[in-house]
Structure formats: C-alpha cells, structure tokens
Amino acid sequence: MKEFDAKLPVHRDIQTQNDYIPDDIPSDLFVKAPLDQKKSEEISTPSMSFWQEAFQRLTKNKGAMISLVLLLLLIVMALIGPSMNEFTYREQNLAHSNMPPKVAGLEWMGFDGIDANGVNQYAERDVATNYWFGTDEFGRDLWTRVWKGTQISLFIALVAAALDLVIGVIYGGISSFYGGRVDNVMQRIIEVLMGIPNLIVIILFILVLEPGIRSIILAMIITGWVGMARVVRGQVLQLKGQEFVLASRTLGASNGRLIWKHLMPNVMGPVIVTVMFTIPTAIFFEAFLSFIGLGLQAPLASLGVLIEDGYKSMRYFPYKLIYPALVISIIMICFNLLADGLRDALDPKMKK
Amino acid sequence: MKRYFVQRIGYMLITLFIIVTATFFLMQLLPGTPFTNPEKLTAQQLTVLNAKYGLDQPVAIQYIRYLGNLVQGDLGYSFQHEGRTVSSMISTRIGPSAFIGLQALVIGAILGLVLGIISALKHNSIFDYGSVALAVIGMSIPSFVFAALLQYYVGVKLEWLPVALWEGYSSTLLPSIALSVTVTATVARFIRSEMLEVLGQDYVITARAKGMKENQVIVKHVVRNALIPVVTMLGPLAVSIMTGTLVIEKIFSVPGLGEQFTLSILVLDYSVIMGITIFYSALFIFVVFVVDIIYGFLDPRINYKGESA
C-alpha cells in the first residue's frame with residue numbers, strides 16, 4: 001500500500017482525486033481468478049483440535065514460553081538441588097556459621113567469600129569447602145536449604161491448588177448442573193464465604209492446628225476453593241443451555257455422560273487458568289504465614305521461612321535474604337506470566 | 001434498589017455473625033492459657049483471674065455474653081496488657097495503619113494511572129512493554145519481600161529514608177511505597193486494558209470524526225470511561241493493602257493495627273486477636289459494599305434488580 005500511495009500525485013481537492021485513475025496498471029490486466037472448490041480445500045490447513053490451536057497460540061507467546069522453561073528449570077533444581085553437594089538441609093556446623101557465598105570461578109560475580117566488612121571469611125577461618133549460597137547462623141548450607149525450601153513451597157502450593165480444584169469443580173458442578181433450590185442454597189453459602197477475608201481465616205486456623213505442612217495446606221483450602229467453584233458454576237450455567245447439550249440430552253444421554261463428555265471438556269480451559277493463578281497465590285500465602293511466624297518450624301525450610309531468617313540478619317548478611325527472595329520472585333513472575341499466556345491461548349476473546 | 005440494599009445489609013450481618021461465631025469457638029480450641037506465666041500462678045489466683053475475665057462460666061454463657069458486649073461495641077479486655085480494653089487498643093492503633101494505607105492507595109493510584117495511560121496511548125511501543133513488565137513484576141513480587149529489599153537498599157545502604165520506627169513524616173514514606181507497589185501494578189494493568197478497549201469504541205471514533213482535539217478525546221471520552229471499571233478494583237485493593245499492613249508494619253515497626261495483630265498472635269492474646277479479626281472483617285465487608293454502591297452510581301448500565309453476583 002505504502003508504495004502505491006507514494007505514486008499518487010498531490011491533489012488540491014477531492015474532485016480531481018476522484019477522477020484520478022492509476023494509469024500505470026491498465027484495466028485489461030485484471031483477470032478474475034477461477035473459483036475452484038477442490039483447490040480451496042487443498043490450500044486450507046489441516047483442521048486442528050481446540051487444544052492443538054491453544055498450544056500453538058501458547059508457543060507464540062514469548063513471555064509464557066520463557067516462564068515455562070524457567071519454571072521447569074526451577075522445579076528440576078528444587079528436586080535435584082538439595083543433593084548436589086554433600087550437605088543436608090538440617091545438618092548444623094557451628095564452626096562454619098555465617099559463611100558468605102563462594103563459588104570457584106564465579107568470584108567476579110560476587111561469589112567471592114568476602115563478607116559485608118570486606119573480610120574473606122574462607123581465608124580467615126581456613127575453610128576449604130565452598131558454600132555456594134553461604135551458610136546460616138547454624139552453619140547450615142544455604143544452597144541446600146534454598147532448594148529444599150523451593151521444593152516444600154512448591155509442594156504446598158501444588159497440593160493446595162489441586163485440592164481447591166477438586167472441591168471447587170465438584171461444588172460448582174453440582175450447584176450449577178442441578179440448579180434450582182440446590183443451586184440457591186449452595187450459592188448463598190458461597191456468598192457468605194466470599195465475604196470473609198481469607199487471610200484472616202487462614203491465620204485463625206493455623207493458630208488452632210499444629211503448625212506444619214499439612215495444616216498450612218488445610219488452612220489454605222478452607223476458603224481457597226470458593227473462587228474455583230464460582231468459575232465452574234459460571235461456565236456450566238453458560239454451557240448448559242447450549243444446543244449441543246440439549247441435543248445430547250434429547251438423544252437420551254445420561255447425566256454422567258453429559259457431565260464428562262460435554263460439560264467437562266468445555267469447562268477445562270477456565271479451570272486450568274484458575275489453577276495457574278491459584279498456585280502463585282498459595283506460594284504467597286505460605287511465605288506470608290512463615291514471615292509472621294506462623295509457618296513451618298525449624299529445621300524445615302520453605303521459601304517464606306528462609307526469607308524471614310534472612311530478613312532478621314539482612315543488615316550484616318544480605319546474601320541470606322537475597323537468594324530466597326530472588327527464587328520466590330522468579331517463581332511468582334513466571335507463574336503469573338504463564339497463567340496470562342494460558343488465558344490468552346485458551347480464550348482468545350479474553351485477550352487484553 | 002431498596003430491596004437490593006436491604007438484602008445486601010442482611011448478607012453483611014449474616015457474614016459478620018458467622019465470622020464472630022467461628023472466631024469465638026476457634027479461640028476456645030486454642031492451646032495454652034491466655035495469661036502470662038500461668039505456671040507461676042497459684043490455683044487460687046487462677047480462680048480469681050478466671051472469674052474476673054468470666055472464664056469460669058460455661059462456653060455458651062461466655063459466647064452469649066461476648067455477643068451482647070459486641071453489640072454495644074465492647075470487645076473485652078486484653079489478657080496481656082493489664083486493664084486495657086481491646087476497643088481502646090484498636091482506636092489508638094488504627095491511625096498509623098489508616099495513614100499508611102491511604103497514602104499507599106494515593107501513591108499507587110496516581111502512579112498506576114500514569115503508567116497505564118502512557119502504556120495504552122503508546123500501545124506496542126517500548127513504553128508499553130516497559131510498563132507492562134513493571135506491572136507484572138509489581139504484581140508478582142510479595143510486598144514483604146519488596147519491603148525488606150527497600151529497607152535494606154534505601155534505608156540501610158543509601159540512608160535516604162529512616163529504616164524503621166514512627167518518627168515524623170519521612171518515616172511513613174518507605175512503608176507506604178512498599179505497600180503501593182501492588183496497587184500501582186494492579187491499577188496500571190487494569191487501566192491499560194480498559195483504555196485499549198475504550199479506544200476502539202464507536203463513541204471515540206465519533207468524537208474524533210467530529211474533529212475534537214486528541215487531548216480532549218483522551219481526557220473526556222477515553223480516560224473517563226476507562227476509570228469506571230477501576231472502581232471495582234478498589235475492594236480487592238483495599239483488602240491487599242490491609243493484608244500488606246500486617247507484615248509491612250512488622251518490618252518497619254509502625255505502631256499500627258497490623259503490628260498489634262502479629263504481636264498478639266505470637267503471645268496468644270485471645271481477646272485482642274478476636275477483636276482485630278472482627279474489626280478487619282467488618283471493615284472488609286463494609287468496603288466491598290461501599291464499592292458496589294459507588295459503582296452503581298458511576299455506571300448507569302448497572303441495575304440492582306438482576307443477580308447481585
């Protein structure tokens with residue numbers, strides 16, 4: 001278009017512009033293209049399922065793909081990281097307490113074993129082994145603890161999200177599928193639950209339950225499933241009235257068949273997106289609880305526990321705060337970006 | 001409209017009642033006693049103390065008494081601070097929290113608006129990508145992580161602002177900035193997507209076709225209409241600020257409600273935990289209600305006759 005526009009002479013008024021006929025392309029050069037049905041079939045791309053299309057859209061989203069790779073990398077590190085050196089996450093060695101991080105070959109990046117006062121602690125205390133992320137006040141290796149913590153944080157988040165998913169889908173599905181009075185009662189319960197600030201409920205339940213991984217998960221799902229139930233209900237209500245469901249029902253399909261073959265596949269998209277947004281929220285809540293002193297007990301580590309420990313001594317040992325803070329930030333950013341990407345891929349209409 | 005109001009207020013009361021009941025009975029399940037050093041007290045002293053705080057009565061009586069007092073605005077006495085009522089503790093503590101929270105809301109709203117508008121007007125430019133990236137980072141990084149880093153770099157290293165404590169205006173800045181990050185990111189993202197949507201509307205094209213100046217189109221038609229849905233964000237934002245104050249006040253030693261709450265949790269001061277829980281919940285429910293009402297006034301397309309969901 002640009003080149004063609006450039007050839008147009010400058011006209012002073014509309015009249016002459018309308019009279020203008022491009023003289024460099026004679027009209028007899030225009031020939032109608034033959035309409036061939038067979039050809040058009042050949043030209044069209046092979047038909048793809050909804051999931052294939054969604055996957056294709058997702059792979060085009062650079063942010064989401066980078067996040068996916070980073071997340072996979074972090075998950076692998078969380079699994080193998082703790083066993084990459086000879087230390088365990090709970091083993092104390094008071095002679096090696098508060099060692100700054102040191103990695104052979106990476107001295108130029110700050111992994112040089114020099115503490116905040118400019119003293120090379122490794123030379124000072126004659127320590128031969130390198131602690132890649134340094135050690136804490138009990139001489140526990142932070143590299144091992146950070147990855148162990150990532151593992152526990154991810155585990156808590158994934159289990160909480162999975163349980164939210166199960167409860168939410170069942171509750172939302174029953175509520176919307178049966179409708180009527182059932183729906184009415186179930187919705188009223190949800191409306192009341194929605195009004196309760198969930199952080200406060202979580203804090204109260206943690207206070208009552210014994211602190212530990214199980215109680216944190218339990219406290220998070222007490223209110224966590226409500227969002228999922230609402231998403232599922234909204235979707236099913238929308239789908240239930242559509243023709244394909246009606247047709248299937250007319251053909252005598254059972255409720256089970258309707259739910260599993262027609263409703264579930266169509267609800268999957270928004271459900272996956274909701275799960276992806278639940279995971280970072282759960283990671284946040286776990287870290288938050290640990291930070292206000294309601295999280296896991298030592299020597300267990302989670303990212304929140306490590307951040308809290310690091311925060312207490314950040315003035316003199318900033319490295320203790322920085323590594324867990326970095327890991328949690330990357331995890332949160334990646335999950336959010338991936339969830340955004342999935343939402344755009346699964347529901348292009350929602351794209352913003 | 002009237003029916004909607006009554007219905008909503010009814011729900012608010014039911015929710016609050018459930019929260020009060022749940023909190024009360026959960027507190028009964030808590031391990032330990034509420035008194036400091038109970039092992040040092042003699043049996044007689046314990047009886048006297050229990051009688052003083054009404055803990056010798058059956059749970060049902062205690063519950064009804066608590067409800068009765070609550071209706072009159074009496075939240076009971078603190079178990080840890082001799083002779084202080086929970087209500088007086090809340091009222092002395094609410095000031096700093098409200099100040100930081102509102103300041104964070106203002107900072108966040110202004111920054112978010114600017115970022116969001118620039119980002120939408122320069123769509124797909126380097127500014128757009130920059131502010132979208134900032135927004136994603138701001139929404140993702142937990143506020144307490146950001147607060148800790150801010151305290152370390154701005155407070156300890158650069159010494160630009162006070163590290164902590166509550167002395168003078170300058171000490172309110174760091175906590176407010178730390179709290180405002182989430183607000184900025186959320187508002188920026190929301191404004192951007194709303195503006196992009198409004199920019200494609202027919203009335204904007206009409207305004208341009210009339211020959212209206214671009215500035216006026218943006219201010220009068222685009223930003224104004226994009227702002228309406230932002231009001232719905234106020235509820236969640238207020239909640240996130242309230243959540244944030246719990247940790248941020250701990251980090252910066254702000255003498256606010258959040259700090260009191262975390263302190264009381266650590267020493268198991270039952271009545272204060274209950275009081276603050278109920279207060280927070282009531283505030284939360286009220287904010288959501290007010291936001292819904294404001295939204296209805298701003299956007300005449302909303303009617304209250306339909307489903308309230």
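## Basis of the description

Helices are DSSP runs of H or I with at least four residues, numbered from the N terminus. The model described here is predicted.

## The side of chain B that touches chain A

Between the two chains, 36 residues of chain B are in contact with 33 residues of chain A. On the chain B side, at least two residues each come from α1 (2-29), α5 (126-140), α6 (143-157), α7 (170-199), α9 (214-251), α10 (257-267) and α11 (270-298). The most is given by α1(B), which supplies eight residues.

By residue class, the side of chain B that touches chain A holds 27 nonpolar residues, eight polar residues and one charged residue.

B:Asn124 is placed in the loop between α4 (86-121) and α5 of chain B. Although B:Asn124 is not a glycine, its phi is positive, at about 60 degrees. B:Asn124 counts as exposed because it has 8 C-beta neighbours inside 10 Å, and the cut-off for an exposed residue is 12 or fewer.

The loop between α9 and α10 of chain B contains B:Ser253. B:Ser253, a residue other than glycine, also has a positive phi, with a value near 50 degrees.

Is B:Ser253 exposed, partly exposed or buried? B:Ser253 counts as partly exposed because 14 C-beta neighbours lie inside 10 Å; an exposed residue would have 12 or fewer, and a buried one 20 or more.

Technical notes
Residues numbered from 1 in each chain as written. Chains lettered and ligands numbered in written order. Predicted model: local features only at pLDDT ≥ 70, side-chain atom pairs only at ≥ 80, totals over all residues. Contact = placed C-beta atoms within 7 Å. Nonpolar A, V, L, I, M, F, W, Y, C, P; charged D, E, K, R; others polar.
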